[in-house]
Amino acid sequence: MSGIVFAQHATVDAFQRLGAELALGALPVSRLVERVGGTPFYAYHRRAIVDRVASLRAALPAALHLHYAIKANPMPAVVQLLAGLVDGLDVASAAELRAALDTGTDPARISFAGPGKTAAEIAQAVAAGVTLNLESESQLEQALAAGERLGLAPQLALRVNPAFELKAAGMRMGGGPRPFGIDEERVPAAIARIRAAGLRLRGLHVYSGSQNLNAAALIESQQRVVALAERLCAGAPEGMDWLNLGGGFGVPYFPGEKPLELAPIGEALSALVARARDTLGVPLVLELGRYLVAEAGVYVCRVLDRKVSHGQVFLVTDGGLHHHLAASGNFGQVLRKNYPVAIANRLDADATEVQSVVGPLCTPLDLLADRMALPSAGPGDLVAVFRSGAYGPSASPAAFLSHPPAREVLV
Ligand SMILES: *Cc1c(COP(=O)(O)O)cnc(C)c1O
């Protein structure tokens, strides 16, 4: 089966066409709508997630540890599926921690990041035995206190705010003044504090940015992280358990964007894995979110009304930014661009008409496709928004206008 190709977009591999209809495996979208119980909903394609992890593993060195950052898609069934495919889970809240523990994943393979951990969250992490990626000196003190109170040795790693920035990242999270991590200059003192408390540093974590489609920039950042860890650990009496390089692997959402080239990253990582084994005695960890799930998801809504205003056609749907803020362009985009969109029950028809797809909310921000060439559509037709497997419902203002929440299924 071949993927669906859109005029303005790259292939959407995870989905097929059955006659006129979009299909997930053998399941046509009209039947899926009935199975779910109506629109709007998100469907995540199990096969696509499994294949994604397999092709990533094939391109990367075998000794590299692959983690899933749950915040990209915390749906319990998705987390459960990924727990069986990756080497560890990264969480950033108490609820994500519970979701990770519920999968049966060994707490030793779960880490907890986030700049605003509450005392209760820190205590939960210590009690669970997961590793805290500490983002400040006061988090370190709170973790030590929680360990003392509970009579447990807290598992501690430090998130480092490096002096350098990740180039070409869609969202930068390291370099210069940041709420994330401990400035690299202050890390040696934090390591000394951990030792003074009679504990070991389990690892270092550097996360410099997200949504990067530039292989060379990612490789440079990974090399700089290893060099940074070598400097920070020079002269350390005992080793750590791992070095977490972060992730940042991007997904092509918009026309003209190309998928990340994995081959050069895999090659560079092979050399880095060997280097880190020699100089630091640790395995490398990569933590990915959207890269593992974004392309496996589709958001499906139904056209309620078709109207023409001053010559422009609007398809008004039952889904919108309250479920899918990212597709509306309001989740960090500077210039709004269209996600790949299709009329899911008219895939056999030519894109003959320029139409805009909007949601039901009373705001001009509720736009799912801006003046896009699509097959002519009207009430009852189904709209599919692709690349929707990450930062969907959990990253959208579901309560805005008080419509029902989006349903989610793993198919
Ligand atoms: C958000 C985040 C991720 C996942 O980012 P993606 O862009 O979805 O891959 C991973 N690690 C940390 C620390 C994060 O904050």
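Start by selecting strand E4, residues 21-24, and show its side chains. Both faces of E4 are covered: Glu21 and Ala23 on one side, Leu22 and Leu24 on the other, and all of them are buried (buried means under 20% relative accessible area, exposed over 50%, partly exposed in between, with a 1.4 Å probe and protein chains only). In a regular strand, side chains alternate between the two faces of the sheet. Strands here are DSSP runs of E with at least two residues, helices are runs of H or I with at least four, and both are numbered from the N terminus.

A word on ground rules: this is a predicted model, so local features need pLDDT of at least 70 and side-chain atom pairs count only at pLDDT 80 or more, while totals for chains, interfaces and linings use all residues. Residues are numbered from 1 along each chain as its sequence is written, and side-chain values use heavy atoms, with hydrogens and water left out.

You get an open sheet of three strands in the order E3-E4-E5, paired antiparallel, with E3 (16-18) and E5 (27-28) as the edge strands, each pairing on one side only. To count as paired, two strands need at least two DSSP bridges between them.

- E3 to E4: three bridges join these antiparallel strands, and arginine 17 has leucine 22 in E4 as its bridge partner. Their hairpin has two residues between the strands, and glycine 19 takes a positive phi near 60° there.
- E4 to E5: two bridges, again antiparallel. Leucine 24 is partnered by leucine 27 in E5, and alanine 23 stands opposite proline 28. This hairpin also has two residues between the strands, with glycine 25 at a positive phi near 60°.

Next, jump to strand E10, residues 131-134. E9 (residues 110-112) pairs with E10 in the parallel sense over two bridges, and serine 111 has threonine 131 as its bridge partner in E10. Threonine 131 also has a partner in E11, glutamine 155; E10 and E11 (residues 155-161) are parallel over four bridges.

Bring in the helices. E9, helix H5 (residues 119-128) and E10 make a right-handed β-α-β unit (with the strands pointing away from you, the path from the first strand over the helix to the second runs clockwise). The chain then crosses from E10 through helix H6 (residues 137-150) to E11, also right-handed.

Colour by aromatic residues now. The structure holds eight aromatic pairs, where rings of Phe, Tyr and Trp (its six-membered ring) have centres within 6.5 Å; planes under 30 degrees apart are stacked, over 60 edge-to-face, the rest tilted. Tyrosine 253 and phenylalanine 254 make a tilted pair, 5.8 Å centre to centre with 45° between the planes. Tyrosine 253 counts as buried at 4% relative accessibility, and phenylalanine 254 is buried at 11%. Tyr42, Tyr44 and Tyr299 form one aromatic cluster.

Then select arginine 52: its charged end sits over the ring of tyrosine 291, 3.8 Å from the centre (NZ of Lys or CZ of Arg within 6 Å of the ring centre and within 35 degrees of the ring normal).

Last stop: zoom out and colour domain 1 (16-45 + 295-410) and domain 2 (113-288), with bounds from an automatic or database domain assignment. Their C-alpha centres lie 36 Å apart. The contact takes seven residues from domain 1 and five from domain 2, contact being heavy atoms within 4.5 Å.
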